[in-house]
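I opened a new model today and kept notes as I went.

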Amino acid sequence: MPEKKSVVSEFLKGVFKIKKSYNNDIVYQAEKVIADYVARRRNEIISKYSKKRHRALNAAIIAASGALIYFVYRIVVC
């Protein structure tokens, strides 16, 4: 029975204990700034390379369609 009382008392101490404000903690703020920077930078890099990939894909599609039109024209005319 003493074990049960100690568990209950520890629980009640945890409930009524004053919580530490993490927003005022300098380490928390530093980690948040670093995480925000990493997320923003990652998104910039992803958008940069996805734009290049889309440009290359569009150029390849245009070149392939041009080649296809040319070959079809050569077949029909000849």
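These entries cover the overall fold, the salt bridges and the surface patches.

**Ground rules.** I am working on a predicted model, where local features need pLDDT of at least 70, side-chain atom pairs count only at pLDDT 80 or more, and totals for chains, interfaces and linings use all residues. Residues are numbered from 1 along each chain as its sequence is written, and side-chain values use heavy atoms, with hydrogens and water left out.

**Overall.** I looked up the secondary structure and found two helices and zero strands. Both terms are DSSP runs numbered from the N terminus (helices: H or I, at least four residues; strands: E, at least two). Helix α1 spans residues 2-16, and helix α2 spans residues 26-77.

Next I checked burial. Of the 78 residues in the protein, 1% are buried. I use buried for under 20% relative accessible area, exposed for over 50%, and partly exposed for in between (1.4 Å probe, protein chains only). The protein exposes about 7,700 Å², and carbon and sulfur atoms supply 67% of that area. The areas come from the Shrake-Rupley method with a 1.4 Å probe; for residues, only the protein chains shown count as cover.

**Salt bridges.** How many salt bridges are there? I count two, taking a side-chain nitrogen of Lys or Arg within 4 Å of a carboxyl oxygen of Asp or Glu.

- K32 pairs with D36, with the closest N and O atoms 3.9 Å apart. Both lie in helix α2, four residues apart, about one turn of the helix. K32 is partly exposed at 43% relative accessibility, and D36 is partly exposed at 40%.
- E44 pairs with R41, with the closest N and O atoms 3.2 Å apart. Both lie in helix α2, three residues apart, about one turn of the helix. E44 is partly exposed at 39%, and R41 is partly exposed at 40%.

**Surface patches.** I then looked for patches, made of residues with over 30% relative accessible area and no salt bridge; like charges are joined within 9 Å, nonpolar side chains (Val, Leu, Ile, Met, Phe, Trp, Tyr) within 5 Å. For charge, Lys and Arg count as positive and Asp and Glu as negative, while His and the chain ends are not counted. I place each charge at NZ of Lys, CZ of Arg, CG of Asp or CD of Glu.

Which residues gather in a patch of positive charge? They are K48, K51, K52 and R55. R55 lies in helix α2 and is exposed, at 57%.

I also found a nonpolar patch of about 290 Å², made by V8, F11 and L12. V8 sits in helix α1 and is partly exposed, at 44%.
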